[in-house]
Amino acid sequence: MCFLPPVSQDARSPTESYFMWLWHSRLYLYSAAAHLLIPYSNLCIETKEVHVSGVKIFYGSQTGTAKGFANELSEEVKSLGLPAEVIDMKDYDPDDQLADECISKSVCVFLVATYTDGQPTENAEWFCKWLEEASTDFRYGKTYLKGLRYAVFGLGNSVYVGHYNTVCKNVDKWLWMLSGRRIMTRGEGDCNVVKSLNGSIQADFLTWKVKFLNRLKTLAKGEKKSCSGKCKTEGSCKNKRKERQEEEKKASPQNNSSEDDLVESSSDEDESGLPDEKKTVLDVEDLGNIMNSVKKSKEESQRDGQMVKLSKLNGVQKIEDEGERREMITPALREALTKQGYKLIGSHSGVKLCRWTKSMLRGRGGCYKHTFYGIESHRCMETTPSLACANKCVFCWRHHTNPVGTEWRWKMDPAEKILEDALEKHQNMIRQFRGVPGVKPDRYEEGLAVKHCALSLVGEPIMYPEINNFIRLLHHHQISSFLVTNAQFPQEIRYNLVPVTQLYVSVDASTQDSLKKIDRPLFKDFWPRFLDSLKALGEKKQRTVYRLTLVKSWNVEEMQAYSELIALGQPDFIEVKGVTYCGESSASSLTMANVPWHQEVVTFVQQLADMLPEYEIACEHEHSNCLLIAHTKFKMDGEWWTWIDYERFQELIQAYDESGGQQTFSALDYVAKTPSWALFGAQEQGFDPAETRFQRRNKSKDISGC
């Protein structure tokens, strides 16, 4: 539209006429200008501010669980349309890089596991050391990480009392001390399925992850400024609602301090005396889920406080309501153990076919127990009624996939069912060798009839509350019993355990420091327990054995200390075996360099035997890198009697049971003569001449097994 200046009757200058026209047309000019400016104003409104530039996920992992969680979380973050980066802590220099995260608008997530004695994992050692020192170093200052937004999730095991999730608590504290800002409450995952709030560490992480992703969405949209409390509409003011909730909380007698602790964190530890104004405030929308966890925890506490009764079989305490307990084998654990070849039984037991069973089915020789004690390896079933253990030994065959614990806190299957399923699964594994080239038909038929049971598969069988019933059932089926314990349950050995064919105790080290380093026990009083277990073993009348595992550069130099432990327990036999390397494991630093040569084991045994006045070297099994030292009472008229008369043992144990334990017997009552080929110094070096020696081509490592 075009506007022309009006023609005045008076004579005016052009300039005056122009300004008069602008004045009269001002309304139209304003409208036109508004139409021109609207597109630009819309453009400014549509421009979004970036509140979260991405997520950086740091992990400290020893066995790979934290790393797996980090990758899982990364994919979830990316699905929200945000960049995510997974970072191994050992590849990150906090001194040069961490301060940059304060201005990058990123969110940092720390997934950290707690390792031995509450220490960080190997890949997180430097990061945690730097963070600890920086938190108290005046050169960095208390505001060094101001602007850093972070969240922490820890991986721990509550059976390690005093060290549970120590690392994640420390990382959270140190970041806070440097003025980092928590975006949500610290999460703590528990490998102990009994105490885990959600049933497993995987479920704990899933619960925390859901909360984190919801929190991340809120941050990405931009957090609203906190209300001043001067809203016109009182009902919509969060601050006033919060005040009312606090008043109601104070007035309610049901809300105690223990609930507060559970709401703030899954641990019982306070925030190390931090000021209240720095504590994390929970989102209102999270309270429902958290209170459910509180309720669940209360119910578990009530169950833990139920009346206990003594087992009629062996006096081990157990909760009456077994239906309320959790299963030992979680889905993740079941998957891991199944991959390793376990045949799992019920909720806490397993059976596995030993490689020596397969070997003897083919007529290729048996294990060292065949050489030392006359066990028929193809008729031996390796099983356990408890996959849980009280140690996490560095040479664990199972790479620490089995659960750990110091007492029985899981659901319990009956001994009859465990044995029935174990025999069935073992026989099914034997049947898979029917018609296999090289398998001898007579050995195959014999293998279907189990004659021996090695309770040494994994874990601590003596922890199973009905272990005595299980042993009695074995004997009732004419099956001999070979039970191995890790010397952490002296009372069970001394008072509760019924006679077994042969009782073993693992003596993996001879000093307190080396035992802690090698076995990594859960009990704080592990050394007194260990010594008392050896004393209890010496009080047994049946056959007893020390199992010494030599780990080169770890425990082979402790000769005098070993001799003192042998004098303490006076075992009938001492098995000395070089450690078996079972492949690389992130949970252990053991390598092939720690495996002693057979001649090194022989030298050690000869030196040890010279220090023991009542013992001599009796047998050798070169193929297993193992030798047997025997008490001289088993050397009669110059001949060794280390083998077992299994039929005689069954007669003796039957008389013992029928007499209610009155008719006792000793180790010398069921001995058998040791064949010449099994003796130390024999040309066969412990290999049965009735068998055919088989050598693998291009054998790269020792897989000799038990």
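**Local geometry and helix packing in the predicted model**

N71 is found in helix α3, which spans residues 65-79. In this predicted model, N71 has a relative accessible area of 36% and is therefore partly exposed, since that class lies between the limits of 20% and 50%. The C-alpha atom of N71 is separated by 8.5 Å from that of I57, a residue 14 positions away along the chain.

The protein chain as a whole comprises 706 residues, of which 51% are buried. Its secondary structure amounts to 22 helices and 22 strands. Of the contacts between residues at least 6 apart in sequence, 75% join residues at least 24 apart.

Confidence was examined along the chain. The average pLDDT is 79, and 75% of the residues score at least 70. Where pLDDT is low, the predicted coordinates should not be read in detail.

Helix α14 (residues 415-431) packs against helix α16 (residues 467-476) with the axes 9 Å apart and at an angle of about 45°. The crossing of α14 past α16 is right-handed. On the α14 side, the contact is made by A415, E416, I418 and L419, while α16 contributes N469, F470, L473 and L474. Classified by residue type, the contact of α14 with α16 contains 6 nonpolar residues, 1 polar residue and 1 charged residue.

The second pair is formed by helix α18 (residues 512-519) and helix α19 (residues 526-538), whose axes come within 10 Å and cross at roughly 100°. Because angles of 65 to 115 degrees count as roughly perpendicular, α18 and α19 are assigned to that class. Residues Q512, L515 and K516 of α18 meet F526, W527 and F530 of α19. The contact of α18 with α19 comprises 4 nonpolar residues, together with 1 polar and 1 charged residue.

Backbone torsions were also inspected. Most residues other than glycine have a negative phi. Q478, which is not a glycine, has a positive phi, near 60°. Q478 lies in the loop between α16 and β13, the latter covering residues 480-485. With a relative accessibility of 47%, Q478 counts as partly exposed. A positive phi, of about 55°, is likewise found for Q685, although this residue is not a glycine. Q685 is placed in the segment after β22 (residues 671-672), and its relative accessibility of 33% puts Q685 among the partly exposed residues.

Note on methods:
Residues are numbered from 1 along each chain as its sequence is written. This is a predicted model: local features need pLDDT of at least 70, side-chain atom pairs count only at pLDDT 80 or more; totals for chains, interfaces and linings use all residues. Side-chain values use heavy atoms; hydrogens and water are left out. Axes are lines fitted to C-alpha atoms, for helices over the stretch in contact, and angles run from 0 to 180 degrees between N-to-C directions. Helices (H or I, at least four residues) and strands (E, at least two) are DSSP runs, numbered from the N terminus. Angles under 35 degrees count as roughly parallel, over 145 as roughly antiparallel, 65 to 115 as roughly perpendicular and the rest as oblique. Contact means heavy atoms within 4.5 Å. Ala, Val, Leu, Ile, Met, Phe, Trp, Tyr, Cys and Pro count as nonpolar, Asp, Glu, Lys and Arg as charged, and the others, Gly among them, as polar. pLDDT is the predictor's confidence in each residue, from 0 to 100. A crossing is left-handed if the near helix is turned anticlockwise from the far one by less than a right angle, and right-handed if clockwise. Buried means under 20% relative accessible area, exposed over 50%, partly exposed in between (1.4 Å probe, protein chains only).
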